[in-house]
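Hello,

Here is the structure for your files. My notes follow below it.

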Amino acid sequence: MRRKSTKELIALGIFKGLIILGILLFFAVLSISGASAKEGNPSEITNGGYAFEELNPNNVTTEWSDSYLFSTREDALGELEELKQRSVKISETFRPEFEELSGAALLDYIEIEKEFSRSFDVLYIYAYTGLSKNVNDQFFSSLLANTQDLATEHGKATSFATIKLTSLSTEEWEQLFSEEPGLEEYLPYFESAYIRFAEHRPEDEAQAAYLADIGNQRMKLQTEAVLQITNNVTRAGNITLENGEEYAVNSQSFYTLLSTDSSRTNREKCYDLRFYHLIDESDSMAALYSEKARLDDLAAKELDYTDSYEACLLRLYLTDSQVDDMNSVFKERKDVFEGYNDFRRTKLGLETLKPYDLLLELTEEPGEEYAYVDALKGVQKSYAGMDPRFNDIFLEMVTGNFIDVYPDPENGKQPGGYCYKLCALQAPALIFMNYNGLISDQKTLTHELGHGINSYLMGNSVDYLYCTGQIYEMEIPSTFNEELFVDYVIENSDSDPAVAVLSQHIGEYQNYFAFQPMITEFEHKAHQLCAEKSDENGIVSGAELNALWTELYKDYRSDSIEYYAEDSAEWTNINHIYLANNYYTFNYAVSKAITLALFKQYREDPEAFNENYIAYLSAGSTLTPEEKLKKYFGIEINRQLFEDAMDVVELRIQQLEELEKERNGPKFESAAEILNIYSGSFWNLPLGNDQLEGSIN
């Protein structure tokens with residue numbers, strides 16, 4: 001489930017291009033909404049004095065309508081040509097102005113460049129989303145490639161601005177602002193886009209052009225990787241099920257079967273076929289990844305970074321020590337999940353868990369399908385305690401052709417999900433899904449809607465240039481929505497569906513706090529390995545990357561699960577590692593840890609939290625990530641944040657065990673009543689290791 005936006009510098013120009021913010025959390029994402037929830041008034045949902053308009057199922061839409069982007073394909077091609085001409089005009093007009101730059105000229109440049117970027121964003125979104133629907137559509141493939149080329153050429157054409165603005169002294173900036181008061185509203189933008197990169201700037205336009213070409217190659221490699229993953233890597237072939245049915249294993253069906261089929265034999269067959277198929281694909285994907293790693297580090301070193309990892313951390317406003325603290329906490333406390341693994345093993349009646357046992361829904365009838373409209377109803381009810389704007393944006397998105405819902409892998413629809421913001425049009429975001437009606441699909445739905453709510457608030461609150469943020473910031477509203485949904489189900493359902501949702505939610509924590517940081521650690525070490533092989537005039541092999549992946553995973557994964565002896569090639573089908581925006585996935589762990597701290601504040605004082613949360617989501621990049629967290633919530637990203645997150649995991653596992661006790665105890669109307677009997681208010685329990693021990697005994 002990826003969050004996408006088009007708000008970062010491409011090829012070092014002031015012009016902003018693509019940031020991919022996403023999730024393909026193929027492991028243990030969860031949700032539910034059809035879980036015997038208590039019904040309210042059929043026309044409104046009331047909570048805390050607010051009356052929310054309830055969703056009318058007849059108004060729900062399930063496909064995108066991109067006509068508000070471009071009426072025809074010919075119109076899009078016309079816009080491409082028009083933007084090429086505008087790019088040339090911008091360069092011709094402002095290149096002389098920047099030789100003796102004045103405040104007025106800079107303001108004019110920013111305003112004109114901003115409008116160019118708006119138009120470009122719409123074109124890029126049209127091309128990217130069209131290709132997502134069918135990766136084999138030659139029109140959109142060509143349009144995306146040409147749009148990427150436009151980004152590259154525009155970066156070259158305006159590189160004079162980047163070079164100038166990253167080389168200005170403090171005194172020169174002060175002079176520009178004194179000359180033109182209208183620049184004041186853009187101060188945070190200048191600081192984030194130029195001033196802080198003064199030590200990592202291109203020396204001249206020739207180097208800027210060289211870097212732009214490297215950036216173009218990286219974008220093309222990303223597109224090629226998605227094509228290969230969709231057409232080859234995730235298509236493993238067929239298995240014969242126990243009932244004699246032939247079953248095609250692809251990006252969607254693999255997770256569907258492992259989540260829903262009670263037959264362990266079928267699950268093992270499916271897992272085996274894919275496991276060894278990925279190994280077969282590893283050499284070809286290793287060749288692609290090796291070239292990507294070479295280009296990543298080449299671009300970083302041109303700008304005086306040690307490597308692309310250092311460049312990534314600076315861009316994210318994070319430090320090595322913060323990431324090292326996070327990784328060490330998750331490695332040191334991985335045994336926290338053993339209680340959950342024991343619960344799953346016992347629930348399934350197994351002596352030992354195997355990898356193909358980890359996704360099966362822990363319900364009486366795994367595989368029960370939840371209709372999309374029913375999923376929407378449950379998600380909507382989970383927003384009842386939030387600011388009314390949540391519901392307003394929700395209704396606009398789900399009824400206005402802003403969500404493409406159902407999978408179609410046979411016709412080229414790519415796997416996974418994402419949200420692409422439309423701040424350029426101040427419109428609701430576009431959400432891309434592959435909804436199969438599973439518990440996990442409903443969780444994906446509310447996750448992506450969290451992105452959509454965030455982007456709509458930004459787009460209608462701050463200047464377009466500030467409609468962005470760092471990856472982990474953008475993942476906070478999506479992961480916050482997940483917590484809302486889980487607590488809604490627990491508080492409004494009986495114990496059976498509550499156990500099913502909560503057990504998968506804890507599995508998702510295992511994904512966030514183990515699997516996702518490990519992917520980034522793999523990327524970093526894989527880049528280093530590729531560099532070593534390149535120095536020896538060689539290319540890293542699939543077997544070498546498989547071995548690296550497996551060795552790193554041992555530090556994070558559970559020792560109680562019996563993994564295969566062979567090295568795994570799971571890395572081959574993870575879209576994120578091929579992104580031009582490197583080292584993406586550890587941001588999920590950072591965001592989830594922040595989310596758990598925020599959610600505790602929400603449960604303690606919903607009214608005060610809502611006021612701060614709406615302001616936080618609306619602020620975009622007008623403040624740095626650190627400034628925003630401190631201003632609105634008093635939170636810092638440090639070791640204690642990650643320790644507290646693992647404390648919450650322990651509490652959630654305790655919560656799961658208490659729900660399970662109800663099966664042999666007195667009957668209650670809801671799972672929430674069970675938890676109140678056993679442990680009181682879950683979110684009011686203290687965090688911190690010392691307090692935790694006393695609270696759960």
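Is Y128 buried or exposed? At 7% relative accessibility, Y128 counts as buried. (Buried means under 20% relative accessible area, exposed over 50%, and partly exposed in between, with a 1.4 Å probe and protein chains only.)

First, the ground rules. This is a predicted model, in which local features need pLDDT of at least 70 and side-chain atom pairs count only at pLDDT 80 or more, while totals for chains, interfaces and linings use all residues. Residues are numbered from 1 along each chain as its sequence is written, and side-chain values use heavy atoms, with hydrogens and water left out.

Overall picture: the protein has 25 helices and nine strands. (These are DSSP runs numbered from the N terminus: helices are H or I with at least four residues, strands E with at least two.) Of its 697 residues, 61% count as buried.

Aromatic pairs: there are 59 in the structure. (Rings of Phe, Tyr and Trp, the last by its six-membered ring, pair if their centres lie within 6.5 Å; planes under 30 degrees apart count as stacked, over 60 as edge-to-face, the rest as tilted.) Y68 and F402 make a tilted pair, 5.6 Å centre to centre with 50 degrees between the planes. Y68 sits in the loop between β4 and α1, and F402 in the loop between α14 and β7, so this pair ties together parts 334 residues apart in sequence. Y68 is partly exposed at 31%. F402 is buried at 9%.

Back to Y128. Y128 pairs edge-to-face with Y418, at 5.7 Å centre to centre and 70 degrees between the planes. Y128 is in helix α2 and Y418 in strand β8, so the pair joins parts that are 290 residues apart in sequence. Y418 is buried too, at 0% relative accessibility.

One aromatic cluster includes Y383, F480, Y616 and F633. Y616 also has a charge over its face: K628, at 4.7 Å from the ring centre. The charged end of R196 sits over the ring of Y317, 3.7 Å from its centre. (The test is NZ of Lys or CZ of Arg within 6 Å of the ring centre and within 35 degrees of the ring normal.)

Last, helix α8, residues 251–260. Nine of its 10 residues are buried. Among them are F254, Y255, L257 and L258. The buried residues pack against β5, β6 and α9, where contact means heavy atoms within 4.5 Å. At the start of α8, a side-chain oxygen of N250 comes to within 3.0 Å of the backbone nitrogen of Q252.

Best wishes

Key:
A polar contact is a pair of N or O atoms within 3.5 Å; within protein, one must be able to donate a hydrogen and the other to accept it, and residues adjacent in sequence count only if both atoms are side-chain atoms.
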